[in-house]
Amino acid sequence: MNVQLPGMYNKQENPRVPIIVTGNDFSTLYAPLIRDRRMEKFYWAPTREDRIGVCMGIFRTDNVPNEDVVKFVDTFPGQSIDFFGALRARVYDDEVRKWISGIGVENIGKRLVNSRETPPTFEQPKMTLEKLLEYGNMLVKEQENVKRLLIDVMVAGKAGQQVKVPVPEGCTDPSAENFDPTARSDDGTCVYKL
């Protein structure tokens, strides 16, 4: 295919070069790039087997048995693959928290910055099915809390959208922004919606 560059209208051919991109949200890209015929988009919806395979890779270095990974993935069927990576990171984060509580928050800087001591080392945590299920359930509860907070914020936002503003008697200015001739407050003045 012959692709012309802006301002260059000659017969020299500039062959197209395929560019492969992966990502979660292409809505933030420059709009002409993601138009149909400019970009072919392939959406990946992982199957159960895909999810199990990816999770086996995530937990391979942690010596989690394959049958535990299968049980674990089946316990959280609606979760994204990122959920399982976050869960693994959470187990390691707790090891760091234990280390911090052991030396004290006030001593972290002394221990890590310009210290003559060797850097801290951590034993690889044992990841049993029970431990992974416990952490998984904790993450699910956190997700539910976030959803609940978002709903509360949305409800509070909608409740605060109607404000009573006293206006001169008559309320007859239909050109006023957000004018609602049918809305009246308790004292008979018009209500303007924000």
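In this predicted model, the axes of helix 2 (residues 48-58) and helix 4 (residues 81-103) come within 10 Å of each other and cross at roughly 20°. Axes here are lines fitted to C-alpha atoms, for helices over the stretch in contact, with angles running from 0 to 180 degrees between N-to-C directions. Helix 2 is therefore roughly parallel to helix 4, a label for angles under 35 degrees. Their crossing is right-handed, meaning that the near helix is turned clockwise from the far one by less than a right angle.

Here are the residues that make the contact (heavy atoms within 4.5 Å):

| Helix | Contact residues |
|---|---|
| Helix 2 | Arg51, Val54, Cys55, Ile58 |
| Helix 4 | Ile81, Phe84, Gly85, Arg88 |

By type, the residues of this contact divide into five nonpolar, one polar and two charged; Gly counts as polar and Arg as charged in this scheme, while Val, Ile, Phe and Cys are among the nonpolar types.

Now for the whole chain. The protein chain has six helices and two strands, in the order α-α-α-α-α-α-β-β from the N terminus. These are DSSP runs, of H or I over at least four residues for helices and of E over at least two for strands. Of its 194 residues, 21% are buried (under 20% relative accessible area, 1.4 Å probe). The accessible surface comes to about 15,400 Å², with 56% belonging to carbon and sulfur atoms.

Residues are numbered from 1 along each chain as its sequence is written. Local features need pLDDT of at least 70, side-chain atom pairs count only at pLDDT 80 or more, and totals for chains, interfaces and linings use all residues, while side-chain values use heavy atoms, leaving out hydrogens and water.

Technical notes: Parallel < 35°, antiparallel > 145°, perpendicular 65-115°, else oblique. Buried < 20%, exposed > 50% of the residue type's maximum accessible area, 1.4 Å probe, protein only. Areas by Shrake-Rupley, 256 points an atom, 1.4 Å probe, with all protein chains shown as cover.
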